[in-house]
Structures are given as C-alpha cells and as structure tokens.
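Keep the view open as you read.

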Amino acid sequence: MSGYDRRDAAARRDEGVRTVTKYTWRAGVIGVICSAVIGLGFAHHADTQTAQERQQGILVPNHPPGPGHGAGQVTSGAT
Amino acid sequence: MTTTTVARDTFRVFGTTAVLLVTEPTALAQARALADAELAAVDQACSRFRPDSELAALNAAGGAAVTVSELFADLLAAALRAARLTDGDVDPTCGRALAGLGYDRDFDQVRARGPASLATVLGPVPGWRRVELDEQARQVRLPAGTELDLGATAKAWASDHCAELIFERLGCGVLVSLGGDLAVAGPAPDEGWRVRVTDDHAAGPEEPGQTVTITDGGLATSSTTVRTWTAGSRQVHHIIDPATGEPAPVYWRTVSVAAGNCVDANTASTAAIIRGQAAAGWLDDAGLPARLVRPDGTVVTTAGWPAADTPPGSP
C-alpha cells in the first residue's frame with residue numbers, strides 16, 4: 001500500500017470521526033430539547049392533576065352559612 | 001322580603017330523630033313517603049345491627065367475595081371516597097373496634113345495658129385500602145376478620161339522596177335532617193333554612209350553640225360528648241381513630257361543617273374530631289366553613305363561618 005493511500009485513509013478516518021462527532025452532538029442537543037419539552041409537558045400535566053384532585057376533594061358549599069334568620073329551624077348536633 | 005311557609009314532619013329512623021321540611025305544604029305527605037322508602041332501603045343495606053342486612057352478610061363472609069346491591073355498592077363507594085379524601089382518617093373498617101368497645105347493638109340498647117366489658121384492644125383498624133369493591137360487577141371482598149361500619153357516611157348519604165329525590169319528584173325546596181346530618185335541595189326559602197348548631201341534635205333552643213342559615217349543600221355535626229358509654233372503667237365515644245382502634249383523643253368537643261353536600265360535611269366533621277389541633281387549619285385550607293368547639297366551650301371558626309350570635313364565652 002502506498003504512503004498516499006495511508007494519508008487518504010487517515011483523512012477519511014478523521015472525516016468520519018468529525019461526522020460522527022457532529023451527529024452525536026446534534027443528537028445530544030435534540031435530546032436536551034426533547035427532554036425539556038417532555039419535562040414541560042409533564043409539569044403541565046402535574047398541574048392539571050393537582051387541579052383535578054382539588055376538584056375531586058371535599059365539596060365546598062356554593063354559599064357559606066349566613067346569620068340565623070332563615071325559615072323552619074332544625075338542629076344540627078350529634079346523635 | 002316575604003316569609004316562606006315551611007311544612008314540617010318529624011319521625012324516628014336509624015335510632016335517631018329525622019326532620020323533613022318542604023317549602024310546599026301540600027307536598028309534605030308525598031315527600032315523607034319518598035323518604036320512608038329510601039331510608040328503609042338504606043337500613044336494609046347497611047345496618048350493622050340487623051342480621052338480615054347486606055352489611056351483616058358481608059361482615060360474616062370470612063374473606064369471600066359477596067355480590068351486593070347497587071345501593072350498597074354506592075354506600076360503600078361513598079365511604080371509601082371519604083377515607084381517600086381524609087387520608088384514611090374516616091375509615092369504614094372500624095366495625096370490630098366499635099364492637100370491641102361494646103357498641104355492638106343499637107345505641108339505645110348499649111346505654112340500657114350499662115357498662116360494657118372491654119374486649120382486648122385490637123390496635124389499628126384493618127384499613128380501607130384492603131376493601132375490594134368492583135362497582136361494575138357489584139362485588140365486595142373484605143379480608144377475613146374485617147368488619148365494616150358505614151355509620152359515618154351512610155346517614156349523611158341518606159340525607160343527601162332523600163333531599164335530591166324529593167326535589168326531583170316534587171319540585172319543592174326540601175331539607176332532610178337525620179339526627180342532625182342535614183341536606184337541602186331545590187329552591188330554599190327566601191330567607192334560607194335556619195339551623196341551630198349545637199352539641200346534641202336533640203338539644204333545645206336554650207342550649208349553648210349558634211343559629212345560622214344555609215341555602216345549599218349540607219351541614220353535619222360530629223361530637224365526642226353525645227354518643228358515649230362506659231366500657232370497662234372508662235367513658236368512651238364512637239369516633240374511632242383508625243390509627244389506634246381507640247376513640248379519638250378529645251381535642252374538640254363538637255365540630256360542625258358546611259359543605260357541598262351532607263356526606264362531605266360529615267366526612268369533614270368526623271375527620272376534624274380525629275385530626276385534633278390540626279383540624280382548623282385543614283378545614284380553612286379546604287375552604288370549608290366550620291365551627292369547632294373545645295371542651296372548655298371556646299369556639300374556633302373557619303372559612304367564612306358567620307360570627308357568633310351568642311354572648312362571648314358561650315359555646
């Protein structure tokens with residue numbers, strides 16, 4: 001094999017390494033971006049779940065009790 | 001403002017006093033008939049003291065799966081929801097703990113019997129997560145030895161459903177109170193429904209308390225002072241702390257809560273008794289108007305509960 005062939009092979013190897021490095025870096029960047037997007041998605045999902053949990057909690061009255069001037073008195077006490 | 005005419009019926013059910021109010025006096029008899037049918041069905045489903053109830057059959061099933069009625073499945077689902085919403089503070093698997101303390105028959109009979117012998121302390125209750133309910137198949141399975149008591153939620157559930165049923169069928173405003181666990185439905189009187197909040201549902205108007213007005217949802221009161229009896233050498237009450245299997249320590253004498261319905265009001269008032277000092281903050285955070293009374297009679301209120309109508313220092 002000639003010296004020229006060896007240099008050509010080395011150049012092709014270096015070019016291959018650069019190509020692999022370039023795509024690895026891009027894949028890394030894409031991974032970071034995807035992770036951020038997924039993370040934001042889950043964060044939104046978590047907020048939604050919390051809201052749903054609140055809605056499914058103990059129900060509050062539409063109106064709190066007011067002063068006692070109503071009709072038909074009954075007693076709420078323990079039995 | 002005009003005063004709405006309200007018709008009233010009072011009767012006994014579930015070993016306590018029921019009050020039925022409607023805003024259309026001519027509808028009272030029909031309303032009572034609807035309530036009677038609903039209450040009879042609930043009693044047949046989940047009485048702990050009727051040997052022919054579905055609850056008694058399930059408690060005696062020894063760990064086998066039991067097919068239940070749609071009504072029982074709904075009642076159990078409500079009890080399990082209450083347990084979930086209170087992180088297990090209101091737990092339906094307290095049946096054996098109550099029986100062990102002597103509450104193993106209608107309460108009138110418990111009192112008439114006199115001091116109960118105290119069974120061995122059972123420790124923490126089995127826990128609501130061990131109850132298997134398949135609502136589609138209407139099948140329930142309890143671990144062997146586990147006994148349910150749906151008392152904390154069933155009475156309130158019955159109040160809610162009677163009120164809704166009467167409004168749907170008759171179209172009038174209605175208030176149903178079962179031993180002080182009350183629910184309203186339909187158009188309220190112009191001035192609202194007046195409710196006296198006190199320790200004992202049978203107390204007269206002269207007893208310490210507060211009068212408030214509600215227009216929707218439900219209101220329930222839990223107390224450590226009314227349903228009490230002697231077990232061994234000590235006085236006990238019926239609100240069991242699932243963590244110990246014993247009556248909850250008395251931090252509050254009485255807790256009254258207004259909520260979107262009576263089941264939720266009862267769930268919150270029962271949990272508040274068990275949670276003790278932390279209850280007021282919990283109720284406030286949940287936006288639940290409540291009135292909590294300490295054993296010395298001092299009162300704490302939460303989330304928009306109205307100011308007292310009694311002199312300072314009166315509970």
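In this predicted model, chain B holds an open sheet of eight strands, ordered β1-β2-β6-β7-β10-β15-β16-β17, with antiparallel pairing. Look for the edges at β1 (7-13) and β17 (299-302) of chain B: each has a single partner strand, so one side of each is left without a neighbour in the sheet. On average, and with direction ignored, neighbouring strands here are turned by 10 degrees against each other.

For a closer look at one pair, find β15 (residues 254-259) and β16 (residues 290-293) of chain B, which run antiparallel and are joined by four bridges. Within this region, Val255(B) has Leu292(B) of β16(B) opposite.

Now turn to the helices. Helix α1 (residues 28-46) of chain B lies across β1, β2 (16-22) and β6 (174-178) of chain B, and runs at about 140 degrees to β2(B). Helix α6 (residues 151-170) of chain B also packs on the sheet, where it touches β6, β7 (181-185) and β10 (218-223) of chain B. The direction of α6(B) makes about 20 degrees with that of β7(B).

How do the two helices meet? The axes of α1(B) and α6(B) cross at roughly 145 degrees and come within 9 Å, and the crossing is right-handed. From α1(B), the residues involved include Leu34(B), Leu39(B) and Val42(B), while those from α6(B) include Cys162(B), Leu165(B) and Ile166(B). Sorted by class, the contact between α1(B) and α6(B) has twelve nonpolar, two polar and two charged residues.

Conventions
Residues numbered from 1 in each chain as written. Chains lettered and ligands numbered in written order. Predicted model: local features only at pLDDT ≥ 70, side-chain atom pairs only at ≥ 80, totals over all residues. Pairing = 2+ DSSP bridges. Axes fitted to C-alpha atoms, helices over the stretch in contact; angles between N-to-C directions. Contact = placed C-beta atoms within 7 Å. Left-handed = near helix turned anticlockwise from the far one by under 90°. Nonpolar A, V, L, I, M, F, W, Y, C, P; charged D, E, K, R; others polar.
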